[in-house]
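Please read the points below alongside the sequence and coordinates.

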Amino acid sequence: MDPVLLIAVLSILIGAVIALAFFGNYFRKRSSEIQSISQPELQSDPKKQPSKPHQTKKSHAKPHSHTSDKDQNKKHHPLDVNTLKGHGDAVTGLCFSSDGRSLATACADGVLRVFKVDDASSKSFKFLRINLPVGGHPVAVSFSDDGLSLVAASQSLSGSSLYMYGVEKPKPSEEVKQQPKLPLPEIKWEHHKVHEKLGILTLSGTTASYGSADGSTIVASCSEGTDIILWHGKTGKILGHVDTNQLKNTMAALSPNGRFLAAAAFTADVKVWEIVYSKDGSVKEVSKAMQLKGHKSAVTWLCFTPNSEQIITASKDGSIRIWNINVRYHMDEDPKTLKVFPIPLDLGGATVQYDRLSLSPDGKILAATHGTTLQWLCVETGKLLDTADKAHEGDITCIAWAPKTIPMGDEKVLVLATSSIDKKVKLWAAPSLPAP
């Protein structure tokens with residue numbers, strides 16, 4: 001073969017080998033680049049999947065997990081024990097059962113929820129869901145008789161309605177079998193247009209134990225007008241009706257023993273009625289008893305002490321008053337002001353007032369709210385014990401203490417529940433009282 005031709009053929013072969021080697025290396029490199037881009041995505045998905053429950057658990061304990069760490073640490077208060085989520089709209093009311101183990105909530109999404117609070121620090125809470133009739137929005141709730149029945153106030157275009165939901169107690173032999181599944185509630189009684197077309201502001205329920213009372217649950221519904229109606233919790237029978245004659249009601253409350261009914265309204269005076277019981281234990285009448293006079297401006301909220309002998313009031317005049325109502329008012333003895341405390345709020349010159357009050361079951365700690373602020377005060381001294389400046393992300397709508405201590409891990413603590421327009425319910429531990 002011609003040497004020149006041989007050299008040409010060899011050159012072509014060598015060039016082809018070099019070209020194949022070059023392009024082979026190029027495509028291998030591109031393939032590795034594609035894999036290096038796609039593999040992290042494939043690997044990150046498995047890592048992201050388990051991280052979501054982790055974030056959910058974290059947000060359950062610390063409800064502001066979606067914010068930055070700085071904001072989260074700023075908003076999370078040491079007394080903030082837990083958050084009950086799952087509400088689809090603003091939570092408008094809440095109430096504990098007499099044993100403190102059930103917490104009922106009323107929500108603007110049209111649903112009542114009854115949470116089982118066996119441990120305040122639990123990561124999850126079982127709850128019973130009760131859908132109100134279509135068209136009504138629950139605005140308040142109160143337990144009736146026990147943790148298995150409750151009264152709810154609902155507002156619709158046609159006016160206010162009251163519903164009593166009850167469930168049958170499981171038989172002793174069936175308790176173990178039915179424990180995982182709560183029985184379904186049924187409407188036992190209902191009333192419509194109870195305050196004509198006016199809305200219901202508050203529901204207050206208690207067990208009538210004073211004097212000859214038969215131990216039944218009584219419930220007071222306070223309208224946004226001037227009327228208040230007293231109901232029999234189990235039967236739905238109207239027991240009494242009063243008119244505050246004070247232009248516009250703010251709220252009403254029953255004393256723990258069922259003896260007194262007190263109302264805060266448009267004026268600075270608080271009217272108190274006595275519920276008189278017959279010998280057979282039924283309600284005989286609701287008669288006017290006394291007036292609490294001393295505030296200089298409208299009373300915004302009130303609550304009774306556990307012994308039903310005192311009333312605590314908060315007013316737009318910037319003060320809190322504790323009244324002794326254990327007086328012989330039949331002999332024209334007036335209730336006496338025992339203590340006056342300034343409201344410890346700094347609102348930058350705005351009117352200093354509390355929106356809501358709730359007294360701990362031992363009568364020692366007063367919880368109070370203004371907007372999104374939650375405060376705890378010592379009843380004995382009026383001193384501020386603690387403040388949660390932003391307890392919720394929206395205005396607080398209701399507060400209530402559990403009537404008994406609730407387990408929290410290995411200990412039992414006094415627990416306060418708060419609800420808000422931010423669709424959340426929070427549980428708070430009581431602050432420590434100063435040493436005597």
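1. Buried denotes under 20% relative accessible area, exposed over 50%, and partly exposed in between, with a 1.4 Å probe and protein chains only. The model is predicted, so local features need pLDDT of at least 70 and side-chain atom pairs count only at pLDDT 80 or more, while totals for chains, interfaces and linings use all residues. Residues are numbered from 1 along each chain as its sequence is written, and side-chain values use heavy atoms, with hydrogens and water left out.

2. A salt bridge requires a side-chain nitrogen of Lys or Arg within 4 Å of a carboxyl oxygen of Asp or Glu.

3. Arg259 sits in the loop between strand S15 (249-254) and strand S16 (260-265), and Glu274 in strand S17 (residues 270-277), 15 residues apart. Strands are DSSP runs (E, at least two residues), numbered from the N terminus. Arg259 is buried at 13% relative accessible area, and Glu274 is buried at 8%.

4. Glu393 and Lys424 form a salt bridge at 3.8 Å, N to O. Glu393 belongs to the loop between strand S26 (384-388) and strand S27 (396-401), and Lys424 to the loop between strand S30 (415-420) and strand S31 (425-429), so the pair ties together parts 31 residues apart in sequence. Glu393 is partly exposed at 35%, whereas Lys424 is buried at 10%.

5. Arg328 and Glu333 form a salt bridge at 3.3 Å, N to O. Arg328 is exposed, at 56% relative accessible area, and Glu333 is partly exposed, at 24%. A network of salt bridges links Arg328, Glu333 and Lys336.

Definitions and conventions: Helix = DSSP H or I, 4+ residues; strand = E, 2+ residues; numbered from the N terminus.
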